[in-house]
Amino acid sequence: MEVNEIVALKEQLARVKTENELLKSQLIQHENILEGALDGVAILDEHMKFIDVNSAACRMFQLTKVELCKRSLFDFLSLIPKYKINKFFDELSMNETKEKELAIKLENGEIKFLEISLRKQAINGYDLAMLKDISFKKKLERERTINEWLFKDLFYRAADGIVLFDEHGAFIEANESFCSIFEINQTELNSYVLEDFISKQNNDKIKKLWNVLKENGSATREFPVVLNNGVKKIFEFTTTSNIVDGLHMAIVRDITEKRSMELKLYKSEERFREVFENAIDAIMIWKNNGQIIKANHAASRTFELSEEELMTRNVLDFIDQTSPSFAKVKREYMETGAIREELLFHMPNGQNKELEFTSKMNILEKHHLTIFRNVSERKHMVKVLQESEQKFRKIFDGAMDGIVLFNNSYEMIDANPSARKILNLLSDDLKSFKLFELLFSGMRQDEIDPNDWEEKLQEISYTFENGEEKTLEFTLKNNINENMNLAVLRDVTEKRELEEQLRKSDTLNVVGELAAGIAHEIRNPMTALKGFIQLLEGSIKDDYSLYFNVITSELNRIESIITEFLILARPQAIQYLKKDIGTIMKETIDLLNGQAILVNVQMELYLEQELPLIYCEPNQLKQVFINILKNAIEVMPKGGQIDVKIKRKDEKHLIVSIIDRGLGIPEDKIKRLGQPFYTTKERGTGLGLMVSYKIIEEHKGIVEVESEVGSGTAFHITLPINH
């Protein structure tokens, strides 16, 4: 090779070295710039695989350069739909830069937002991507969006009224609560200013509000507001300046009721002070240790110390703290925090007083409030009253007569044991017993003047619910106490029955004596009359035989009456025999059957099987049956049936029932049957039933009568089988 060529090659080699050095220098400079860039820089191939990246890009993806260059950009775009990614890259054209915000998901799960500027085939056929981390920016935007949403939600949903207004007080926007409070429509809002609702008297307050807003940026004030309908209210305005676009915001709260309550509370406190100072009862306020801190005038009088002296004393100074009563009261008070009790208090002058007190803890600033009342005199009066009550109760419960206390409506308040027995009362029957009907039967309550009946002895007959009838004496004493009257009752039923029996006995004695005299006086001329009649009957022709039969019949009737008189007049020599009562009844029916047939009366006899024999005087029983059957025949003049039934009543008694279908006997007359000369028949003497009752009584039996007017009468004769 020639020298010139060698020299040319050497020069060319030197130039190449120089250029290489320059390129190396530029490359190092570019690498330094690339590494020092704050934004990420990445070189990508056509498949979006990382060819080269700077340190900022590594920090973004939190991978080393070696690790990142093994990955593709697509590996981090799992949060974005594939069609959107393809669309973005498909839209890239040669030498064109396109920007887009992408959300990437790192390997550790962290999500970042990147702003990517991508230029296709920018460096040696590779794509150049500039990456900027905008996660913080996105976070701020999201927070701002949330805050705006929260503000709007709070603004429109708030229960308090919220209004935006400008520096002149003109309303710009308000929520529904504000419009409802001020009773204006949203469409009318912009036509109002704050001063429209506040009286001119409060202009100074408005000016102060603006001044405070300018100085401090916020202010809270209360304004009396007059609404469009004239209603006056008090509102609290919490105002903040420059809240949005230079506008002011006010939160408005209706505190009318709150201020009203505060006013009432103030007045209540005033009343409390008034009551405290002027109360009749003693009132003390004391600390937990018992130290008295406040007492009223009544407390000073009760404890006999001045108010100043009471403030220096302890409430425990007046109590015997060793007594069991105090220990019990203290324990209960500490457990419940409130108590109402009575204790003995020792006064400074040596006097003891029984005080009733009501105490409550934590009533005022954790202090105790106690109200005292002197009950010493009341205790003494209660003791006297209790002793008086005990005396009254002993007399009330022990009285032989019935005593009833009742109110002005005749409702029973109390009754002693004797009254309960007389009136057949149980303890639960007091209120339900109709006392008025007992005392004033058949009268209306408005007809009664209690003063007309006071302290007058009255006698009444009363039938109780169980059917028992009693005769009662009573006297009334009105107004023994307020709305309280007294009735004293006495059961005289037995007494009246004994008196009735005594009257009957006296009547029978008189009748007996009278009967004996009459019988002896009449029998002698009767014997002569009967003898002469028999003589005349034999000597006078048969044409007058009818007259003699009538005379003889009437004389026999007179003799029968005389015989009945003699039964009353003297004891009979009676011989009791064991007889068949059925046979006696059959003979009696046969005897009276002829008389019955004449008036179309049938007598039916019903005998129970295997009736026992009874001890009796058969003739006397026959006389009883004759009397009752004759009466039965006579009360059925138009005919009918008489039922005669004989059966066992129990193991020791038989019962004979004679039942007619006559006119019946009124209930008030049944009681008088058997009395001398009492009869319901026109020509009767009343002696027949009287004698019959006496015969049954001598046989140790009883006669019971049942009758219904218009239906008939039944005589039930109960006789013992053995005397």
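Author: A disulfide is taken here as a pair of cysteine sulfur atoms within 2.5 Å. By that criterion the structure holds 0 disulfides. Cys58 is in no disulfide, and the nearest cysteine sulfur, that of Cys69, is 7.2 Å away. Cys58 is buried, with a relative accessible area of 11%, and Cys179 is buried at 7%; buried means under 20% relative accessible area, exposed over 50%, and partly exposed in between, with a 1.4 Å probe and protein chains only.

The model is predicted, so local features need pLDDT of at least 70 and side-chain atom pairs count only at pLDDT 80 or more, while totals for chains, interfaces and linings use all residues. Residues are numbered from 1 along each chain as its sequence is written, and side-chain values use heavy atoms, with hydrogens and water left out.

Helices (H or I, at least four residues) and strands (E, at least two) are DSSP runs, numbered from the N terminus. An α-helix has 3.6 residues a turn, so residues three or four places apart point the same way. At the N-terminal end, Asp580 caps H18, with a side-chain oxygen 3.0 Å from the backbone nitrogen of Gly582. After H18 comes Asn600, whose phi is positive, near 60 degrees.

Turning to the strands, two of them pair if DSSP finds at least two bridges between them. An open sheet of 5 strands has the order E2-E1-E5-E4-E3, with antiparallel pairing. Its edge strands, E2 (50–53) and E3 (97–105), each pair on one side only. Within this sheet, E1 (residues 40–44) is joined to E5 (residues 126–133) by 5 bridges, and Val41 has Met130 as its bridge partner in E5.

Elsewhere, E18 (residues 458–463) and E19 (residues 469–481) pair in the antiparallel sense over 6 bridges, with Glu459 opposite Glu473 in E19. E18 and E19 form a hairpin with 5 residues between them, and Gly467 in the turn has a positive phi of about 90 degrees.

Methods
A polar contact is a pair of N or O atoms within 3.5 Å; within protein, one must be able to donate a hydrogen and the other to accept it, and residues adjacent in sequence count only if both atoms are side-chain atoms.
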